[in-house]
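My entries follow in the order in which I looked things up.

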Amino acid sequence: MSFMYQTQTAYGRPDAPVRDNRTVEYDLLARVTRRLASAWAARDTDHLALVQALHDNRALWQALAVDVAGPGNALPTSLRAQLFYLYEFTVEQTRRIHEEDGNAGVLVDINTAVMKGLRGNGAP
């Protein structure tokens, strides 16, 4: 399932119950993170799934970066900067994974920490 499909289903279903932005962000992160963890575990037998999961994870982080960089974002400046840094780190780590010099486990850990922050269980 592509990132764009996930975004459309999360935001575009008129029959879906109304959810706040934090819940939508959490759900998207959870889906991408599950796929990334699974693809990383099966990387030796299904390289394409890993490439797709890495792409979707990077696309999600790019969307988050655009949001936190925007002038209308109400998050505290320091949190916005931290989230933007995590986007930059994700891009770099993804490049390293493609070069077989990185580990997707660190991306899963980052996503999990942000999900905990969205749930109020800790800061990203």
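This is a predicted model: local features need pLDDT of at least 70, side-chain atom pairs count only at pLDDT 80 or more; totals for chains, interfaces and linings use all residues.

**Helix packing**

I began with α4 and α5, which pack at an angle of about 160° with their axes 9 Å apart; axes here are lines fitted to C-alpha atoms, for helices over the stretch in contact, and angles run from 0 to 180 degrees between N-to-C directions. That angle makes α4 roughly antiparallel to α5, the term being used for angles over 145 degrees. The crossing of α4 and α5 is left-handed, meaning that the near helix is turned anticlockwise from the far one by less than a right angle. Leu83, Leu86, Phe89, Thr90, Gln93, Thr94 and Ile97 of α4 make the contact with Ala104, Val106, Leu107, Ile110 and Val114 of α5, contact meaning heavy atoms within 4.5 Å.

Residues are numbered from 1 along each chain as its sequence is written, and side-chain values use heavy atoms, with hydrogens and water left out.

Next I turned to α3 (residues 47–69) and α4 (residues 77–98), whose axes come within 9 Å and cross at roughly 155°. That makes α3 roughly antiparallel to α4. The residues of this contact divide into 13 nonpolar, five polar and two charged.

For α2 and α5 I found a packing angle of about 160° and axes 9 Å apart, which makes α2 roughly antiparallel to α5. α2 passes α5 in a left-handed crossing, and by class their contact has 13 nonpolar, five polar and four charged residues.

**Whole chain and cores**

Stepping back, I recorded five helices and zero strands in the protein chain, where helices (H or I, at least four residues) and strands (E, at least two) are DSSP runs numbered from the N terminus. Buried residues make up 37% of the 124 residues, with buried meaning under 20% relative accessible area (1.4 Å probe, protein chains only).

Which residues have the most contacts inside the largest nonpolar core? They are Leu29, Leu60, Trp61, Leu83, Leu86 and Val114, in a core of 18 residues; such a core is a set of buried Ala, Val, Leu, Ile, Met, Phe, Trp, Tyr and Cys residues joined through side-chain atoms within 4.5 Å. α2 (21–41), α3, α4 and α5 (104–119) each supply at least two residues of this core, and α2 gives the most, with six. A second, separate core of 10 residues includes Trp40, Leu50, Leu54 and Ala104.

**A closer look at Leu36**

I ended on Leu36, which has its place in helix α2 and counts as buried because its relative accessibility is 0%. Not counting residues up to four places away in sequence, Leu36 touches Leu50, Ala53, Leu54, Asn57, Ala104, Leu107 and Val108. Of these I checked Val108, which lies 72 residues from Leu36 along the chain, with their C-alpha atoms separated by 7.0 Å.

Conventions
Angles under 35 degrees count as roughly parallel, over 145 as roughly antiparallel, 65 to 115 as roughly perpendicular and the rest as oblique. Ala, Val, Leu, Ile, Met, Phe, Trp, Tyr, Cys and Pro count as nonpolar, Asp, Glu, Lys and Arg as charged, and the others, Gly among them, as polar. Buried means under 20% relative accessible area, exposed over 50%, partly exposed in between (1.4 Å probe, protein chains only).
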